[in-house]
Amino acid sequence: MPDPSSWLHEATATAEGGHVRTDDGGLSTALASPLAPHCTGLTPEQLLAAAFASCLHHAAVEAAGQITDEAHTVQVRAEARLGRDDDGRYRADVRASISSAGLSRQQLAELVAHADELWPFSSGDNSRHRLTVTPAENGRG
């Protein structure tokens with residue numbers, strides 16, 4: 001992992017009481033609850049799909065800027081599916097596609113390959129990200 005001083009961006013989010021919000025107020029929405037299935041709100045798979053679409057879109061727009069001046073036409077569609085293994089652990093399957101108006105097949109292939117390489121959640125490399133989960137002090141975050 002890079003030196004902490006080299007991080008470009010940082011964000012914090014909190015999920016509690018059937019709601020998730022970023023500390024800067026940029027996102028605030030209700031969450032579906034496994035304890036109250038009748039509640040409405042975003043599900044984990046919807047949040048994963050949105051997060052991957054957002055992340056990959058960021059990378060694709062950056063990559064498109066090197067190929068075309070039509071980077072504003074980049075569209076990313078992400079599908080996320082959650083399943084459970086026999087031991088009860090969740091597994092995720094995320095599939096994404098990138099399109100951009102006016103690109104040849106070769107240009108689009110280059111765009112997809114470059115965007116996939118940029119983001120830490122690439123389709124070919126599971127080692128570029130790390131998740132650390134620890135107890136919060138005094139039981140709160």
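A: Let's start at Ser100, which touches Glu70, Thr73, Val74, Leu108 and Leu111, leaving aside residues up to four places away in sequence; a contact here means heavy atoms within 4.5 Å. Before going on, note that this is a predicted model, where local features need pLDDT of at least 70, side-chain atom pairs count only at pLDDT 80 or more, and totals for chains, interfaces and linings use all residues. Residues are numbered from 1 along each chain as its sequence is written, and side-chain values use heavy atoms, with hydrogens and water left out.

Ser100 sits in the loop between β5 (90-99) and α2. The helices (H or I, at least four residues) and strands (E, at least two) are DSSP runs, numbered from the N terminus. With 10% relative accessibility, Ser100 counts as buried; the cut-offs are under 20% relative accessible area for buried, over 50% for exposed, and partly exposed in between, using a 1.4 Å probe and protein chains only. One of its neighbours gets a polar contact too: the side chains of Ser100 and Thr73 meet at 2.9 Å. A polar contact is a pair of N or O atoms within 3.5 Å; within protein, one must be able to donate a hydrogen and the other to accept it, and residues adjacent in sequence count only if both atoms are side-chain atoms.

Helix α1 (residues 44-64) packs against helix α2 (residues 105-118) at about 125°, and their axes are 8 Å apart. The axes are lines fitted to C-alpha atoms, for helices over the stretch in contact, with angles running from 0 to 180 degrees between N-to-C directions. That makes α1 oblique to α2, as angles under 35 degrees are called roughly parallel, over 145 roughly antiparallel, 65 to 115 roughly perpendicular, and the rest oblique. On the α1 side the contact is made by Leu56, Ala59, Ala60, Glu62, Ala63 and Ala64, and on the α2 side by Leu111, His114, Ala115, Asp116 and Leu118. By class that gives eight nonpolar, one polar and two charged residues; Ala, Val, Leu, Ile, Met, Phe, Trp, Tyr, Cys and Pro count as nonpolar, Asp, Glu, Lys and Arg as charged, and the others, Gly among them, as polar.

Further back in α1 is Ala51, partly exposed at 37% relative accessibility. Ala51 and Ser6 are 45 residues apart in sequence and 22 Å apart in space, C-alpha to C-alpha.

Now for two of the strands. Arg84 belongs to β4 (residues 75-84), and a polar atom of the Arg84 side chain lies 2.8 Å from the backbone oxygen of Gly88.

Stepping back, the protein chain has two helices and five strands, running β-β-β-α-β-β-α from the N terminus. Its C-alpha trace spans about 50 × 40 × 35 Å along the principal axes, and 18% of its 141 residues count as buried.
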